[in-house]
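Biologist: I have a new model open on my screen and would like to learn how to read it. Could you walk me through a few features?

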Amino acid sequence: MRLTIAAALFTLSGHAALAACTGQNLFQTMPPERAAAIEEASRDVPFRQGLLFEATRDDQRITLVGTYHFGDSRHQPMVDRLRPVIADAHALYVEAGPEEEARLAEALASDPTLMVDPDGPTLPERLSPDEWAALSQAMTERGTPGVVTARLRPWYVALMLGISPCMVRTMAETGDAGGLDHLLVAEAQAADIPVHSLEAWDTIFGLFAGLTPEQELDMIRAGLPAASYADDYAVTLTDAYFDGDVWKIWEFGRFDAYANSGLSREAVDRQMDFAQTRLMDDRNRAWIAPLLQAAEQAGDRGVVAAFGALHLPGEAGVLSLLQDEGFTITRLDG
């Protein structure tokens, strides 16, 4: 689940935020039977591979690119390839544009309770002593001391566990995550192309609504065992992304949780199903209407849509949903 949440943020110019991160690719060291199981689980997923696609229907055209929200020098070829496409497009659509990001930052600054629970029991009161000790250490490595972590909302803690300490340090030093999304927004702004958001600034706060207290803690528990090798996770995730092997990232998170989270397979699958529904499938469906409207308004100029890579594949992925609307899907990077 830890990598799953991080991968789902694929839910941000040009600092190479991962350039200083070191670690090993866990695909290269895992038991062969686990690698085979991941491959088998990924094999029949629609559009499982690829980062760049074109969807066409009559004279309507949408160029879709799966992004990664953290910086890496390997983004540059994609930026170069998309620069003329964006310059000719009617608009660029991203998960959250500059205006939505500014509103989110303002809300977080003005209302700390969005991330902090000032009244309920603290995390050390809700977790076992061993769990709290592991969590406090992991969060301290990510720049948040235990005294602060104790009052944070569990969903936010789970998100932080999904980011390696190296990424957190680099973002703190540079002030920007440097992801492909931001690079493409900069290209659109330079070409005077409108940038639109696919969802509202406060979407993130509804993604984890309705969880029971125990489900909230299970999100944290699932991420704790892997927190000690988070930089390896970061390398594994980014290598798979730049290889275009998108769904493999998702299944890696599942099978790693089977092996290392301490949760039962049934509990892991429940969390994975919840994460897929809330973080990807529901949002994918919500994006189709604005994308269809944009394509219709754009005419032969077309539009460009850039969002986290894990939103592309799957039965409820954006590509399959557009295909259901009569669009022909063509991979451009394979």
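Predicted model: local features only at pLDDT ≥ 70, side-chain atom pairs only at ≥ 80, totals over all residues.

Biologist: Let me start with one side chain: is His69 buried or exposed?

Modeller: Buried means under 20% relative accessible area. His69 has 4% relative accessibility, so it counts as buried. You will find His69 in the loop between β2 (60-67) and α3 (76-88).

Biologist: Which side chain joins His69 in a polar contact of 2.7 Å?

Modeller: That is the side chain of Asp181. The His69 side chain also makes a polar contact with the side chain of Glu95, at 3.3 Å.

Biologist: Now charges, please. How many salt bridges does a search of the whole structure find?

Modeller: First the general idea: side chains of opposite charge can pair when their charged atoms come close. Here the search finds 18 salt bridges. One of them joins Asp245 and Arg48, with the closest N and O atoms 3.4 Å apart. This pair links distant parts of the chain, 197 residues apart. Asp245 is buried at 12% relative accessible area, and Arg48 is buried at 11%. Glu39, Arg48, Asp245 and Lys248 are linked in a network of salt bridges.

Biologist: And where do Asp218 and Arg221 lie?

Modeller: Both are in helix α12 (residues 213-223), three residues apart, which is about one turn of the helix.

Biologist: Last one: why is helix α8 described as largely enclosed by the rest of the structure?

Modeller: Because seven of the eight residues of α8 (residues 154-161) are buried. Among them are Trp155, Leu159 and Met160.

Key. Residues numbered from 1 in each chain as written. Heavy atoms only, no water. Helix = DSSP H or I, 4+ residues; strand = E, 2+ residues; numbered from the N terminus. Buried < 20%, exposed > 50% of the residue type's maximum accessible area, 1.4 Å probe, protein only. Polar contact = N/O pair within 3.5 Å; in protein donor to acceptor, adjacent residues only side chain to side chain. Salt bridge = Lys/Arg side-chain N within 4 Å of Asp/Glu carboxyl O.
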